[in-house]
Amino acid sequence: MKGKFLVLILCLCITFLSSGNEYQRIAPVLQEVHSVFYQKTLPYWGLPEHIHPKLAFIDTEEEKVWFFSMDSREVHYLGEKSWDKHTGVANSVMEIENETYVTLIYDTWKRSSSLSQQIIILHELFHLYQDLLNISSLVSENYHLDAPTGRALFEIELKLLNEALLTGEYSKLSDAIQIRLYRQSLFPENNENLFELHEGLAEYTGMAFVVKNLRTYLSERNESLELAGLTNSFAYITGPMYGYFLDTLSPGWQSAENLQRGLPVLLADQMG
């Protein structure tokens, strides 16, 4: 009986220490992100250093939230508060106590790899400053991608993008763009290009500066993709690929005044 009691006490102590030190698990990842954000991401988009984001890591299981902020010099831990688990939350940008925060769901974030954790944070940071790039936050209206014809044409586009990625045959890239234009002509009410700027560029920005070999990373990722719910997920797939090709074929594209035309259109211009 005494042994069981000691084991129980030990488990409670471990739980307490683990819970109390969660912010210390977040901080090292934020330090990595801080370096990338100020040294690479902001210069890439031509944005000033005085963007000082605040971040909230929300643990809905333990009903806690840890607050951080960043400036050009360092990461600051702002403290911990309780969190009402019934309050809606997402990886997003939202108001908490009249302050704008990048919010991250800690429950799922902590189970990701270190690389994925950085990508997720940088993705959400993009949403914080995307209005400075004249990129609108919007909802996908691309329901045709989950209908038979739209889905089939998307899968052809993705197959051609993968082939261009693997082989470097940019005729495949041209074919992929042609397929997309054809699909968009069949479903003219789409907002594929604009939604791809919103979510696809956020995902690309998250990957571009922390993944060492993006071409290989994208190729391996695409092999394990499950193409479900394309209405809302397609941009996470194609955005990083078009971003990669633009950086490869047209460095400096991100400063284009007509960025809002869409990534495939900018790429098509470069390819003639």
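Predicted model: local features only at pLDDT ≥ 70, side-chain atom pairs only at ≥ 80, totals over all residues.
User: Happy to be looking at this one with you! At what angle do helix 7 and helix 8 pack?

Analyst: Two packed helices are described by the angle between their axes and the distance between the axes. Here the axes of helix 7 and helix 8 (residues 214-223) are 11 Å apart. The angle at which helix 7 packs on helix 8 is about 125°.

User: Is helix 7 oblique or roughly perpendicular to helix 8?

Analyst: Roughly perpendicular covers 65 to 115 degrees. The angle in this pair is about 125°. That makes the arrangement of helix 7 and helix 8 oblique.

User: Which residues of helix 8 meet helix 7, and how many charged residues does the contact have?

Analyst: Helix 7 brings Tyr204, Met207 and Ala208 to this contact, and they meet Leu214, Tyr217, Leu218 and Arg221 in helix 8. By class, there are six nonpolar residues and no polar ones. The number of charged residues is one.

User: Thanks! Now for the other partner: how do the axes of helix 4 and helix 7 cross, and is helix 4 oblique or roughly antiparallel to helix 7?

Analyst: Helix 4 spans residues 114-129 and helix 7 spans residues 192-208, and their axes come within 7 Å. They cross at roughly 135°.

User: Is the crossing of helix 4 and helix 7 left-handed or right-handed?

Analyst: For comparison, helix 7 passes helix 8 in a right-handed crossing. The crossing of helix 4 and helix 7 is also right-handed.

User: Which residues of helix 4 meet helix 7?

Analyst: On the helix 7 side, the contact includes Leu197, Leu201, Ala202 and Met207, along with Glu199 and Glu203. By class, the contact between the two helices has eight nonpolar, five polar and two charged residues.

User: Staying in helix 4, how far is Leu115 from Val210 in space?

Analyst: Leu115 lies in helix 4 and counts as partly exposed at 27% relative accessibility. Leaving aside neighbours within four places in sequence, Leu115 is in contact with Val210, Val211 and Tyr217. Leu115 and Val210 are 95 residues apart in sequence, and their C-alpha to C-alpha distance is 7.2 Å.

User: Let's move to the strands. Is Thr103 buried or exposed, and which residue's backbone oxygen does its side chain reach?

Analyst: Thr103 lies in strand 5 (residues 99-105). Its relative accessible area is 0%, and buried means under 20%, so Thr103 is buried. Apart from neighbours within four places in sequence, Thr103 has contacts including Ala56, Ile58, Asn91 and Val93. At 2.8 Å, the side chain of Thr103 reaches the backbone oxygen of Ala90.

User: What is phi of Asn98, and where is that residue found?

Analyst: Most residues other than glycine have a negative phi, and most peptide bonds are trans. Asn98 has a positive value, and sits in the loop between strand 4 (92-96) and strand 5. With a relative accessible area of 77%, Asn98 is exposed. Its phi is near 65°.

User: And what is phi of Asn134?

Analyst: Asn134 is in the loop between helix 4 and helix 5 (148-167). With a relative accessible area of 58%, over the 50% cut-off, Asn134 counts as exposed. Its phi is positive, near 60°.

User: What about Leu266: how far is its C-alpha atom from that of Ser250?

Analyst: Leu266 is found in helix 10 (residues 263-271) and counts as buried, at 6% relative accessibility. Beyond neighbours within four places in sequence, Leu266 is in contact with Leu246, Trp253, Ala256, Asn258 and Leu259. Leu266 and Ser250 are 16 residues apart along the chain, and their C-alpha atoms are separated by 9.1 Å.

User: To finish, what percentage of the residues in the chain is buried?

Analyst: The chain has ten helices and five strands, and its C-alpha trace spans about 75 × 45 × 35 Å along its principal axes. Among contacts with a separation of 6 or more, 64% join residues 24 or more positions apart. Of the 272 residues in the chain, the buried share is 46%.

Note on methods. Residues numbered from 1 in each chain as written. Heavy atoms only, no water. Axes fitted to C-alpha atoms, helices over the stretch in contact; angles between N-to-C directions. Helix = DSSP H or I, 4+ residues; strand = E, 2+ residues; numbered from the N terminus. Left-handed = near helix turned anticlockwise from the far one by under 90°. Contact = heavy atoms within 4.5 Å. Nonpolar A, V, L, I, M, F, W, Y, C, P; charged D, E, K, R; others polar. Buried < 20%, exposed > 50% of the residue type's maximum accessible area, 1.4 Å probe, protein only. Polar contact = N/O pair within 3.5 Å; in protein donor to acceptor, adjacent residues only side chain to side chain. Parallel < 35°, antiparallel > 145°, perpendicular 65-115°, else oblique.
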